[in-house]
Amino acid sequence: MSATLLFDHPGPRARRRVWLFNVIALVAAALLAAGCLYALHQRGQLAGELWRVVLDGDFLALIGDGLLATLKVAGLGMALSVLVGLALMAGLMSRRRWVRLPVRGWMEVFRGLPLLLMIFFVYLGAPALGFELSTFWSLVIGITLYNSAVLGEIFRAGVVSVHRGQREGGLAIGLTQAQVLRIVLLPQAVRRMLPVLVSQLVIILKETSLGFVIGYTELLREGRTAVEYLGGQYSIPVYTAMAVAYIALNLVLSGIAGWLERRLR
Amino acid sequence: MSAVLDNLPIYVTGLAWTLLLTLIAGSVSLLAGTLLAAARISPVPLLRAGGALYVHVLRNTPITIVFFFAAFVLPQLGISLSYFTFAVIALSLYYTAFFCEAVRAGINAVSPGQAEAARAIGLGFGQTLCHVILPQALRSVVPPLINVLIALIKSTAVASAFGVAELLSNAEALANAESNAVLWVLGATCLFYLLLTVPAGLLASYLEAKLVFNS
């Protein structure tokens, strides 16, 4: 249902009312913005030198390093999550109960735990088992454990949504279960689940920022380091730059997905 | 094992704070999210645009950054509150966007004929929404809302990095204190989180199956 179904095409009176509400909303937004700017100005947060830092060469180099570290974790995390997610999905689709049930249990457990707890589990638990893991790998493994379970469920829903005639047709021409899944069902399912898949990939990109908690030097940690070095008064410009960087990255990811979706149609 | 049993009170206090955080942030963001959803479907273009902007910005920002703004930027502006309040602010700001989208999806799931009939008998936008659309949307919106709530429960763990002594934070302290029983301590923490998230998830899928069957 589109939004316009909730109200009629406005007549003269309704148009005046909409116009009035528009003005009220505009004035409220302007007042809010002015209030924020005034509060910032009062504390000297709008001074040019504070904001010029985001164009400073050293700062940009630091952010570049952070961005690269973020992208490394995100890329590896996404690839591993998709691979393990596909394996989990295959386990869920198995005809053998002793395969299906443990896989389902595994997925329920890992979808129900906070990602940060899993990252800690890997990071603090590995030494207890007698080996050391870097913060990078703790982050990647934590992200993979969590997101492969989520993706497995997304893949399963996608495959189940393909018309069952496709599966029966595949079996009828003599393909095995695994072949039907790989050659017939998955290619069709991918198109349908692309939007959900991409929003999950965006979530993975956002989750890499948790690396800051265990001390992996990604984008956010570099920003924090910059603020600790420059002083607290720089926190607004620096963190705003960080937020803009993440939003831009995610928009690029969503843009690629939109382009891919149009091509697949 | 004894490391867990001896420290059970620490877990329970942590769990209580996690629940409190979830309860307060959940109520605030459910309310704000519903209002935002109303703005996003209203006849007023500026309200629609503002709502869409808020949702897109917040959904593409990591929750850690939202916590940064609440915990490090607000003090810069002379606002000093407890760590717990900062965590509530950050979680509420972030989850308002997600509750808004869940409610909006529920509103979109109501059959268009309902809105058309309401308009045909002369109800305005506010009346259509409050008397006809929202009561029906509430039905199909409950399972997605529970799923957002589960995500919120899991996100409260991020507050442990910002000074709130909730479940994960207490568990981390315990893991450092009982360094020869790290796996036990963390495993028990998992159980406590699953105690919250698994029943909620089961409830969501039960309600979903029931609603699908009815319609």
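Which residues of chain B does UniProt give to the feature "domain: ABC transmembrane type-1"? Here are some notes on that and on what surrounds it.

1. **The annotated domain in chain B.** The UniProt record, an unreviewed entry, places this domain at residues 15-204 of chain B. Please keep in mind that the model is predicted.

2. **Chain B as a whole.** The C-alpha trace of chain B spans about 70 × 50 × 25 Å along its principal axes. Of its 215 residues, 44% count as buried. Among contacts in chain B between residues at least 6 apart in sequence, 76% join residues at least 24 apart.

3. For chain B, the unreviewed UniProt entry lists "transmembrane region" at residues 15-39, 51-74, 80-100, 144-169 and 181-207. Two of these spans are worth a look in the model. Residues 15-39 are 100% helix and 0% strand, and their end C-alpha atoms are 35 Å apart. Residues 181-207 are 96% helix and 0% strand, with 40 Å between the end C-alpha atoms.

4. **How H2 and H5 of chain B pack.** Helix H2(B), residues 8-40, packs against helix H5(B), residues 83-109, at an angle of about 45°, and their axes are 6 Å apart. The two helices are therefore oblique to each other. Their crossing is right-handed.

5. **Who makes that contact.** On the H2(B) side, the contact residues include B:Leu21, B:Ile24, B:Val28, B:Gly33 and B:Arg40. H5(B) contributes, among others, B:Val88, B:Leu91, B:Tyr95, B:Phe99 and B:Arg104. By class, the residues of this contact divide into 16 nonpolar, 5 polar and 2 charged.

6. **The interface with chain A.** How many residues of chain B are in contact with chain A? There are 47 of them, facing 45 residues of chain A. The elements of chain B that give two or more residues to this side are H3 (45-59), H4 (63-76), H6 (112-120), H7 (125-155), H8 (167-177) and H9 (182-214). H9(B) provides the largest share, with 10 residues. On the chain B side, the residues touching chain A comprise 32 nonpolar, 11 polar and 4 charged.

7. B:Leu194 is found in helix H9 of chain B. Is B:Leu194 buried, exposed or partly exposed? B:Leu194 is partly exposed, because 15 other C-beta atoms lie within 10 Å. Leaving aside residues up to four places away in sequence, B:Leu194 touches A:Val109, A:Gly112 and A:Leu113. For a sense of distance within the chain, B:Leu194 and B:Arg139 are 55 residues apart in sequence and 26 Å apart in space, C-alpha to C-alpha.

Definitions and conventions. Residues numbered from 1 in each chain as written. Chains lettered and ligands numbered in written order. Predicted model: local features only at pLDDT ≥ 70, side-chain atom pairs only at ≥ 80, totals over all residues. Axes fitted to C-alpha atoms, helices over the stretch in contact; angles between N-to-C directions. Helix = DSSP H or I, 4+ residues; strand = E, 2+ residues; numbered from the N terminus. Parallel < 35°, antiparallel > 145°, perpendicular 65-115°, else oblique. Left-handed = near helix turned anticlockwise from the far one by under 90°. Contact = placed C-beta atoms within 7 Å. Nonpolar A, V, L, I, M, F, W, Y, C, P; charged D, E, K, R; others polar. UniProt positions renumbered as here; feature names shortened; annotations may be inferred. Buried ≥ 20, exposed ≤ 12 C-beta atoms within 10 Å, placed from the backbone.
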